Amino acid sequence: MNKGSSLIIIISFLLLASCHSGNRKQNNETGATELPRIAICGLAIESSTFSPAVTNADAFRVRTGEEIFSYYPFLAEDAPDRKRAEWFPTLRGHAIPGGIVTREAYDSLMNETLAKLKENLPYDGVFFDIHGAMSVIGLDDPEGDMIKKIREVVGLETVISTSMDLHGNVSERLAHHTDLITCYRMAPHEDALESKQRALENLLDRLESGKGKPAYKAWIPVPILLPGEKTSTRIEPGKSLYARVPGVADQEGVIDAAIWIGYAWADEPRNRGYVMVTGDDRKKVVDGAEYLAQSFWDVRNEFEFVAPVAPLGECLDMAVKSDKHPFIISDMGDNPTAGGAGDVTWTLTEILKRPEFQSENGPSLIYASIPGPELVEKALVAGVGGDVTGVAGAIVDDRFAPPVKLSGKVLALETHDPTAGEIAVIQVGSVKVIVTKKRKPYHYERDFTELGLVPREADIVVVKIGYLVPELYDMRADWIMALTPGGVDQDLERLGYQRIHRPMFPLDKEMTDPDLSAQLIPSSEEM
């Protein structure tokens, strides 16, 4: 080999090393290694297109700048990950699930995010923290739109790592513009923060090692659309299905692997299941993705509700007769944490019709909750111990029942709840109804005890929820899920899909097996 050839090889090697040096740069003056520059941003909401509710900008809890760190314990000031990069938190917004987001709200939040991103360019990485099931008026695939706009600002070389809920959707556009991606592996989402930390540390590892973007991204849409209440990882087959994910993700040559159940209550082309695997070993990435997708498809007929289900009347019959207290009933159709309006009065109306609950001496029942701002105002005037009469609910969703009339005694008042604003507990017969100024999900025991209610001592607790979150699950003596109407109706065939890809399991019962071959998504550097 002559000297000229040797020189060419050396120069080529140095150029290659430079290209893959990632973002661990040397400071020419001090010789110290510079930390990678990483921005943080994202908007998260789960929104039903089958609900008449509309979500405005003020529904989002928006954190900006340093305040964003409070959302991530693993980025606390003294946390190891905080010291691994120079951080540029921009805007992170999160809203309680609800109806479709207005275009004005989306545009304003997105424009603010992009403006903040422009302030500190360039970035080596972006931590993109989203849910994946946002719907926006007049815009399909908002998360895909978001990441494309972010990519246009930060450039093609920046590594983007996306963290998602397993009930989100991964469009091809989202898969293309992200480099690293993962989602929760548990439902209920007890591993939410763990998953976000994994997404962040995947990004840090790739930047620190100089490996940068993965060589391969395998993406497989799976034509399955199921509600979360049928896909809990507490029970089979979800438990075993998700137990297979680490076996793929933890292989040498693979960065991460994920299965998305998808979001059932939006009528959009992207809504279905997905599998995605990223890494540098082509065979392991492709084989792993196809293995998980086929595993998902193979168990499609085994998914059942995580708890017994029945029409509301049967649920109430069982609860009244039961000697197990508290007997919890999930009012599923209007679950605000899945995208329901949270103000459907049908269930509460049916409860108040029943003779068992019309006397104070009847079975004690707590109903959580129903928005009724005018009734709350009346209760504040009447005061604790006073009598009040007024209507609540059906302000947004009156398709199934009109506003419910409540006439009873004010048991408790709260004026500074961070979510609901003001709250009144009104006793009607033996039913204690929690009436809120703004809708609020009831997930924690303290949500009740701070109002002077003791749910563990109640005969029956009815909550607008689907599967029980951990504290309610631990509290229950017995539990049943009621098939009630609303924007997140569990009977998907009643919803009337028009725009999803067909055929789709379980809507198309005779569909043939789909092609679950992995599609290799081009690098984000190829706009």
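Threonine 55 stands opposite valine 101 in strand β6, where helices (H or I, at least four residues) and strands (E, at least two) are DSSP runs, numbered from the N terminus. The model is a predicted one, in which local features need pLDDT of at least 70 and side-chain atom pairs count only at pLDDT 80 or more, while totals for chains, interfaces and linings use all residues. Residues are numbered from 1 along each chain as its sequence is written, and side-chain values use heavy atoms, with hydrogens and water left out.

- Strand β3 and strand β6 (residues 98-101) pair in the parallel sense over two bridges, and two strands are taken to pair if DSSP finds at least two bridges between them.
- These strands belong to an open sheet of three, in the order β2-β6-β3, with parallel pairing; its edge strands, β2 (47-48) and β3 (54-55), each pair on one side only.

**Nonpolar cores**

- The largest nonpolar core has 100 residues, and those with the most contacts inside it are Phe128, Val170, Ile434 and Phe448; a nonpolar core is a set of buried Ala, Val, Leu, Ile, Met, Phe, Trp, Tyr and Cys residues joined through side-chain atoms within 4.5 Å.
- Helix α8 (residues 282-298) gives the most to this core, contributing seven residues.
- Apart from this core lies another, of 32 residues, among them Ala319, Phe327, Ile329 and Val462.
- Buried here means under 20% relative accessible area, exposed means over 50%, and partly exposed is in between (1.4 Å probe, protein chains only).

Threonine 55 stands opposite valine 101 in strand β6, where helices (H or I, at least four residues) and strands (E, at least two) are DSSP runs, numbered from the N terminus. The model is a predicted one, in which local features need pLDDT of at least 70 and side-chain atom pairs count only at pLDDT 80 or more, while totals for chains, interfaces and linings use all residues. Residues are numbered from 1 along each chain as its sequence is written, and side-chain values use heavy atoms, with hydrogens and water left out.

**The three-stranded sheet**

- Strand β3 and strand β6 (residues 98-101) pair in the parallel sense over two bridges, and two strands are taken to pair if DSSP finds at least two bridges between them.
- These strands belong to an open sheet of three strands, in the order β2-β6-β3, with parallel pairing; the edge strands, β2 (47-48) and β3 (54-55), each pair on one side only.

**Nonpolar cores**

- The largest nonpolar core has 100 residues, and those with the most contacts inside it are Phe128, Val170, Ile434 and Phe448; a nonpolar core is a set of buried Ala, Val, Leu, Ile, Met, Phe, Trp, Tyr and Cys residues joined through side-chain atoms within 4.5 Å.
- Helix α8 (residues 282-298) gives the most to this core, with seven residues, and apart from this core lies another, of 32 residues, among them Ala319, Phe327, Ile329 and Val462.
- Buried means under 20% relative accessible area, exposed means over 50%, and partly exposed is in between (1.4 Å probe, protein chains only).

**Aromatic rings and charges**

- The structure holds 11 aromatic pairs; rings of Phe, Tyr and Trp (its six-membered ring) pair if their centres lie within 6.5 Å, and planes under 30 degrees apart count as stacked, over 60 as edge-to-face and the rest as tilted.
- Phenylalanine 88 and tyrosine 123 form an edge-to-face pair, at 5.7 Å centre to centre and with 65° between the planes.
- This pair links distant parts of the chain, 35 residues apart, with phenylalanine 88 in strand β5 (residues 86-95) and tyrosine 123 in the loop between α2 (103-118) and β7 (125-129).
- Phenylalanine 88 is buried, at a relative accessible area of 11%, and tyrosine 123 also counts as buried, at 4% relative accessibility.
- One aromatic cluster is formed by Tyr71, Tyr72, Phe74 and Phe127.
- The charged end of arginine 82 sits over the ring of phenylalanine 69, 3.7 Å from its centre, and lysine 230 lies over the face of phenylalanine 305, at 4.9 Å from the ring centre; a charge sits over a ring if NZ of Lys or CZ of Arg is within 6 Å of the ring centre and within 35 degrees of the ring normal.

**Helix α5**

- The 18 residues of helix α5 (residues 192-209) should span 26 Å at 1.5 Å a residue, which agrees with the 26 Å between its end C-alpha atoms; the expected span is 1.5 Å times one less than the number of residues.
- The buried residues of α5, including Lys196, Arg198 and Arg206, pack against β1 (37-44), β5, β7, β8 (159-164), β9 (180-183) and β11 (254-260).
- Just after α5, glycine 210 takes a positive phi of about 80°.

**Strand β21**

- Four of the five residues of strand β21 (residues 478-482) are buried, so this strand is largely enclosed by the rest of the structure.
- Strand β13 (residues 309-310) runs parallel to β21, joined by two bridges, while strand β14 (residues 327-331) pairs with β21 in the parallel sense over five bridges.
- Alanine 482 in β21 stands opposite alanine 310 and is also the bridge partner of aspartate 331.

**Two buried residues**

- Isoleucine 351, in helix α10 (residues 346-353), is buried, with a relative accessible area of 0%.
- Leaving aside neighbours within four places in sequence, isoleucine 351 is in contact with Leu316, Phe357, Leu365, Tyr367, Val431 and Val462.
- Serine 430, in the loop between β18 (421-428) and β19 (431-436), counts as buried at 2% relative accessibility.

Conventions
Contact = heavy atoms within 4.5 Å.
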